[in-house]
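Here is a colleague's note for a first look at this structure. Please read it with the model open beside you.

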Amino acid sequence: MAAKTLTIDGQLVSAEEGQTVLDAARDAGIYIPTLCHLNGIQDIGACRLCLVEITGSPKLLPACVTKVQEGMEVQTSSDRLRRYRRMILELLLAERNHVCSVCVSNGHCELQTLAAEHGIDHVRFEYLSPRLEVDLSHRLFGMDHNRCILCTRCVRACWHVEGAGTKNVAGRGIQSRIISDLNQPWGQSETCTACGKCVAACPTGALFNRGATVAEMQRDRTRLEYIVTAREKSQWIV
Amino acid sequence: MLLADLIRIKEQELAGRKPFTLRVCMAAGCVSSNAEAVLAALDRAVKDAGLESQIEVRPVGCLRLCCEGPLVAADPDGKLYKKVRPEDAVSVVKALQGGPTSVRTGDMREPFFEKQFNIVLANSGLIDPERIESYIAADGYVALRNVLRDMSPADVISAITKSGLRGRGGAGYPTGLKWSTVAKTKSARKYVVCNGDEGDPGAFMDRSVLESDPHRVIEGMIIAGYAVGAQQGFIYVRAEYPLAIKRLQTALKQARQFGLLGSNVLESPFSFNIDIRIGAGAFVCGEETALMASIEGLRGNPRPRPPFPAESGLFGEPTLINNVETFANVAPIILQGPEWYASIGTEKSKGTKVFALAGKITRTGLIEVPMGIKLREIVEEIGGGAPEGAKIKAVQTGGPSGGCIPASELDTPVDYESLTKLGSIMGSGGMIVMDETTNMVDVARFFMDFCVDESCGKCIPCRAGTVQMHRLLTKILNRQATESDLKTLEDLCELVRSTSLCGLGQTAPNPVLSTLRFFRSEYIELLQPKSPSPECASTAEKKGEPADDKPVEGR
């Protein structure tokens with residue numbers, strides 16, 4: 001496989017052909033914020049936080065799905081990009097009820113971390129404050145739609161890693177919801193294997209282990225990563 | 001089937017013609033105002049008068065002057081009967097032989113028709129869309145037969161390229177270039193997709209073409225399939241167009257019976273099939289990647305491009321995806337030559353464009369005009385200006401992705417570049433005229449409301465950003481907003497335009513941006529003078545603040 005050389009934030013970086021800009025940057029120790037990206041799960045370029053500027057391209061491109069090219073010049077944190085990222089995070093915070101102080105994921109939340117990184121101490125948009133359901137019908141897990149950012153990491157983990165196909169998206173636009181099977185209570189799902197991969201994949205406090213209380217919901221992403229890398233490297237024990 | 005068969009069918013069809021013809025518009029607009037009863041009444045009236053050998057009553061596609069429907073056109077005198085009721089049938093039949101009639105009449109020399117130029121709609125209103133023989137009599141499928149006999153796929157692509165045809169879905173991508181990219185991508189399996197998911201409010205061009213001349217679109221798709229090396233085509237039509245779907249199904253069945261679809265098209269080695277896929281009502285499925293996901297049976301969500309459909313499209317295979325009107329242009333280009341087509345229109349925008357003229361205008365309906373025509377000619381001469389002498393304020397083109405062009409810019413020629421320069425787009429062909437009573441902020445909110453409803457929800461800027469823009473516009477309309485809200489609105493417009501995933505999101509702010517550009521004072525008037533008013537007035541005066549102005553964040 002041919003190697004490619006590109007410049008990211010003025011730093012010369014080498015990458016494998018077919019690698020994404022995001023992977024190349026992370027290999028080189030350059031940080032690009034992400035939310036819908038999760039190692040090992042198919043990327044969809046939906047959260048728009050990893051947008052980067054590439055010289056010669058009039059449009060901003062998502063680093064997670066843009067492949068490296070020889071001689072590419074990438075800017076990952078211009079003023080404009082930082083301004084956009086901050087607004088995107090503010091939009092998310094205003095969309096549903098992200099109240100950290102009473103959240104199971106307080107202190108372990110990717111949205112919270114990103115908000116802190118971007119210096120968000122207030123939100124300029126009107127809070128939509130929808131009253132959404134909390135599904136506690138499953139014996140092991142719970143789903144709080146108020147905390148969901150619709151990154152669909154749970155959906156992709158469920159379909160592509162576990163292969164159960166329980167989680168899905170219903171509705172459209174602001175009405176979109178993560179559902180189980182055909183919008184049944186999670187506990188009545190006939191396809192859910194209770195593997196917990198969706199819970200491990202969730203970046204916020206939307207999916208949690210039952211019994212977790214404020215700030216107790218810590219996720220063990222290494223479990224998910226192990227399964228993914230084991231599959232890639234065919235390390236299954238037969 | 002061979003050329004001789006096509007000619008035989010044409011001759012038979014022409015030999016069956018009667019001295020008089022009454023063409024009854026059976027497109028959805030007239031059907032909804034009772035055209036079916038008019039057709040039946042005319043049939044009966046002809047029978048009662050014993051004139052069956054003299055008069056043919058033919059159901060046809062769109063006769064265009066939709067505001068005057070149900071329409072009946074008469075041959076050979078060229079009269080156009082307007083707002084025909086079933087009880088008028090006897091009088092219409094009598095009038096055909098020179099008698100007086102109570103029905104209001106006009107003819108094809110009216111200003112509404114005079115400035116029009118027919119390519120795409122050439123058969124519309126003339127042929128019976130439910131009979132393939134009627135299409136063949138109008139030289140239908142001759143282009144296909146010429147292509148299969150005399151032209152290589154490369155010849156076809158070069159003809160399309162030379163014609164200068166550009167995508168009629170709105171973005172205006174050169175059609176020949178698209179075809180040649182798909183043709184050059186190597187794969188055993190390729191697809192041709194026709195995008196008939198027309199969803200802009202006020203737009204009905206594709207519906208009319210499919211209802212009036214379905215075979216034209218099918219012929220264009222078969223030629224495209226031959227040119228790019230595809231074996232399978234899909235027509236994606238929205239479920240809201242039941243009549244178009246029915247006529248397409250009839251047309252596809254007839255084309256299969258006549259050996260124009262299926263194995264060995266017209267006894268050549270080339271095989272091609274077309275199936276219909278019906279959309280479930282999502283506007284976003286008109287976006288090509290979402291449309292293909294929908295055909296695959298997945299949720300209709302767009303995905304980032306690249307890879308472009310020409311490389312990896314439907315089921316991961318190279319896919320050619322064009323709009324209904326684009327395919328409808330193919331057969332005439334082949335028949336009359338690319339040079340003829342390239343001679344129509346402007347330097348960069350060739351041919352004609354079909355528009356659905358609607359809104360505050362005297363004559364609404366379907367029009368086809370050469371590219372480069374001035375907006376003023378469309379609005380004032382074809383459309384007859386605003387009703388009751390009202391003054392026209394703006395023209396909206398391109399639906400929720402387009403913008404409002406103020407009356408002061410009406411001398412703009414209609415082509416892709418000029419409209420883009422004004423912050424609007426050509427779009428698929430919706431054209432809504434607004435008069436002085438229209439509140440432009442309300443117009444912006446109407447389109448934003450549409451975008452909120454139709455956002456797929458995949459990417460955050462479009463899903464949450466459109467909702468916030470809608471809230472801000474409502475706040476402005478309720479006179480509760482301040483200068484800083486307007487600033488936030490503009491920041492949001494920039495964000496949603498630059499960071500959304502697909503075209504729907506990237507263009508969602510256009511109605512706001514274009515009204516802000518030309519009608520900023522209407523926004524300012526609605527603002528609350530919260531801060532001391534002199535300051536407010538001074539900011540209102542300087543149009544367009546410097547872009548680097550930081551939003552009020554109170555850090």
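1. **A place to start.** B:Arg104 is partly exposed, because its relative accessible area is 46%. The terms work as follows: buried is under 20% relative accessible area, exposed is over 50%, and partly exposed is in between, with a 1.4 Å probe and protein chains only. The side chain of B:Arg104 meets that of B:Glu68 in a salt bridge, at 2.6 Å from N to O. This pair links distant parts of the chain, 36 residues apart. B:Glu68 is in the loop between β2 (55-60) and β3 (72-75) of chain B, and B:Arg104 is in the loop between α4 (89-96) and β5 (105-107) of chain B. B:Glu68 counts as buried, because its relative accessibility is 13%. A salt bridge here is a side-chain nitrogen of Lys or Arg within 4 Å of a carboxyl oxygen of Asp or Glu. Helices (H or I, at least four residues) and strands (E, at least two) are DSSP runs, numbered from the N terminus.

2. **How to read the values.** This is a predicted model: local features need pLDDT of at least 70, side-chain atom pairs count only at pLDDT 80 or more, and totals for chains, interfaces and linings use all residues. Residues are numbered from 1 along each chain as its sequence is written, chains are lettered from A and ligands numbered from 1 in the order in which they are written, and side-chain values use heavy atoms, with hydrogens and water left out.

3. **Other salt bridges.** The search of the whole structure gives 41 salt bridges over all chains. B:Arg85 has a salt bridge with B:Asp88, where the closest N and O atoms are 3.1 Å apart. B:Arg85 also has one with B:Glu87, at 3.9 Å between the closest N and O atoms. B:Arg85 is partly exposed, at 45% relative accessibility. B:Glu87 is exposed, at 55%. B:Asp88 is buried, with a relative accessible area of 5%. In chain A, salt bridges that share partners join A:Arg86, A:Glu90 and A:Arg124 into one network.

4. **Where chain B meets chain A.** The contact takes 35 residues from chain A and 32 residues from chain B. Contact means heavy atoms within 4.5 Å. The buried area is about 3000 Å², and carbon and sulfur atoms give 57% of it. Buried area is the accessible area (1.4 Å probe) that two parts lose on being put together, summed over both. On the side of chain B, B:Ile460, B:Arg463 and B:Gln468 supply 20% of the area buried against chain A, more than any other three residues.

5. **What holds the chain B side.** Which elements give two or more residues to the side of chain B that touches chain A? They are α19 (440-454), α20 (460-477) and α21 (483-499) of chain B. The largest share, eight residues, comes from α20(B). By class, this side has twelve nonpolar, ten polar and ten charged residues. Ala, Val, Leu, Ile, Met, Phe, Trp, Tyr, Cys and Pro count as nonpolar, Asp, Glu, Lys and Arg as charged, and the others, Gly among them, as polar.

6. **Links between the chains.** The count between chain B and chain A is four salt bridges. One of them joins B:Glu494 to A:Arg83, with the closest N and O atoms 3.4 Å apart.

7. **Two domains in chain A.** The assignment gives domain 1 (3-77) and domain 2 (100-232) of chain A. Such bounds come from an automatic or database domain assignment. The area buried between these domains is about 1200 Å². In domain 1 of chain A, A:Leu35, A:Leu38 and A:Ile41 lose the most area to domain 2 of chain A, together 46% of what that side buries.

8. **A buried serine.** B:Ser124 counts as buried, because its relative accessibility is 7%. A polar atom of the side chain of B:Ser124 lies 2.8 Å from the backbone oxygen of B:Cys62.

Terms used. Polar contact = N/O pair within 3.5 Å; in protein donor to acceptor, adjacent residues only side chain to side chain.
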